[in-house]
Amino acid sequence: MNQQYSLQTIALFSVLLVAILPSVHSFGVQTLGISGRMSRFVSQSSCPVSQRIHRPTVSMVNDIPGEIKKEAEKQINPLRQRVEAIKFEGLRAELLALSDNTLRGVDSPEGSEPRQRIMEIIEQLEKQNPTPTEQVLTSGDIDGEWVLRWTTSESILGRKRTRGFRVDLNRPILQIINSKELTAKNVEPVTTFRWIFGGIKYTNSVEAELKVMTPSKVAVQFKKFNIAGGLIRIKAPEKARGELDTTYLDNAESASNVSERIRISRGDRGNVFVLTKAT
């Protein structure tokens with residue numbers, strides 16, 4: 001009985017090794033950011049070790065009884081899910097860190113390495129969107145106040161604006177969405193005349209009406225511009241319109257903390273927006 005139990009244990013352990021070791025090696029090298037000479041060191045040092053411990057082969061696994069394989073799968077699946085969850089969280093954390101390090105995109109112009117890496121992460125997250133496309137505009141997760149963390153939009157970044165009237169990098173750019181009333185509002189902070197007691201702080205905003213085009217995409221018609229906190233109000237021209245497609249949207253399952261929920265949207269002019277939920 002002890003011998004049979006021992007053989008089953010060894011067989012189960014063999015299946016686990018075959019299934020999980022490649023994922024662990026990949027996770028260690030790629031997700032943890034091991035690269036360059038360190039990556040080569042890991043690869044060179046891991047091969048001889050795996051050979052010395054006689055890593056199980058596929059043929060050895062095929063000889064294992066079916067019941068033991070099923071039991072091994074039960075043990076492996078949670079491990080696989082945990083590894084994937086760690087990779088997913090790593091991508092989200094890296095995206096926000098890079099967004100903040102580039103000052104919402106001011107320091108990641110087109111062609112720069114930071115922008116290239118941010119776009120790579122965005123594309124990976126979009127493939128793992130936790131909110132089904134058909135529920136993006138109806139789940140309620142898109143409603144509320146959002147903080148812009150990164151964008152490629154030059155008009156929002158305002159790098160070409162006259163100094164003193166550019167967006168304040170120390171205060172958040174906000175977007176408020178109401179999917180029931182189909183309205184949106186963008187708010188940008190400005191601080192001018194900084195040499196006068198820290199400057200004069202105010203906000204510019206634009207109000208818009210939304211029209212559903214697909215379950216994840218809306219047409220945006222800007223209606224009114226509010227300058228200097230609303231002291232100046234200008235009706236938006238008819239041509240002030242666009243489209244916005246939400247390609248990634250966190251929910252309660254993917255991010256239990258509301259302030260950690262991410263939304264990624266793409267405009268019809270090729271611009272990309274990364275936002276986090278404020279309320």
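## First stop: a turn residue

Select Ala228, which is partly exposed, with a relative accessible area of 24%. Here buried means under 20% relative accessible area, exposed means over 50%, and partly exposed lies in between, using a 1.4 Å probe and protein chains only. Ala228 is found in the loop between β5 and β6 (232–235). Helices (H or I, at least four residues) and strands (E, at least two) are DSSP runs, numbered from the N terminus. Check the backbone: phi of Ala228 is near 55°, a positive value in a residue other than glycine.

Before moving on, note that this is a predicted model: local features need pLDDT of at least 70, side-chain atom pairs count only at pLDDT 80 or more, and totals for chains, interfaces and linings use all residues. Residues are numbered from 1 along each chain as its sequence is written, and side-chain values use heavy atoms, with hydrogens and water left out.

## From Ala228 to Asn204

Which side chain reaches the backbone nitrogen of Ala228? Select Asn204: its side chain comes to that nitrogen at 2.9 Å. Asn204 is found in strand β4. With a relative accessible area of 13%, Asn204 is buried.

Now show its surroundings. Leaving aside neighbours within four places in sequence, Asn204 is in contact (heavy atoms within 4.5 Å) with Asn186, Val187, Glu188, Val190, Asn226, Ile227 and Ala228.

Select residues 183–192, strand β3. This strand is mostly covered: 7 of its 10 residues are buried. β3 and β4 pair in the antiparallel sense over 10 bridges; strands pair if DSSP finds at least two bridges between them. Pick Val190 and look across: its bridge partner in β4 is Tyr202.

Ile177 stands opposite Ala184 in β3. The hairpin of β2 and β3 has 4 residues between the strands, and Leu182 in this hairpin takes a positive phi near 55°.

## Into the cores

Nonpolar residues come next. In soluble globular proteins, nonpolar side chains tend to be buried together. A nonpolar core is a set of buried Ala, Val, Leu, Ile, Met, Phe, Trp, Tyr and Cys residues joined through side-chain atoms within 4.5 Å.

Select Ile142, Val218 and Val220. Of the 17 residues in the largest nonpolar core, these three touch the most other members. β1 (144–151), β4 (200–214), β5 (217–227), β7 (241–249) and β9 (272–277) each supply at least two residues of this core. A second, separate core of 16 residues includes Phe88, Met119, Ile121 and Val274.

Zoom in on Ile142. Residues up to four places away in sequence aside, Ile142 touches Val136, Leu137, Ile177, Ser179, Thr246, Leu249 and Arg263.

Step to Val136, found in the loop between α5 (113–126) and β1. At 1% relative accessibility, Val136 counts as buried. Its touching residues, beyond four places in sequence, include Thr131, Pro215 and Ser216.

How many aromatic pairs does a search of the whole structure find? There is 1. Select Phe88 and Tyr248: the pair is tilted, 6.5 Å centre to centre, with 40° between the planes. Rings of Phe, Tyr and Trp (its six-membered ring) pair if their centres lie within 6.5 Å; planes under 30 degrees apart count as stacked, over 60 as edge-to-face and the rest as tilted. Phe88 lies in helix α4 (residues 66–101) and Tyr248 in strand β7, so the pair ties together parts that are 160 residues apart in sequence. Both residues are buried.

Follow helix α4 to Leu96. Leu96 is buried, with a relative accessible area of 17%. Neighbours within four places in sequence aside, Leu96 is in contact with Arg149, Ile262 and Thr276. Leu96 and Thr276 are 180 residues apart in sequence and 8.9 Å apart in space, C-alpha to C-alpha.

## Zoom out

Show the whole chain. The protein has 6 helices and 9 strands. Buried residues make up 38% of its 279 residues.

Terms used: Polar contact = N/O pair within 3.5 Å; in protein donor to acceptor, adjacent residues only side chain to side chain.
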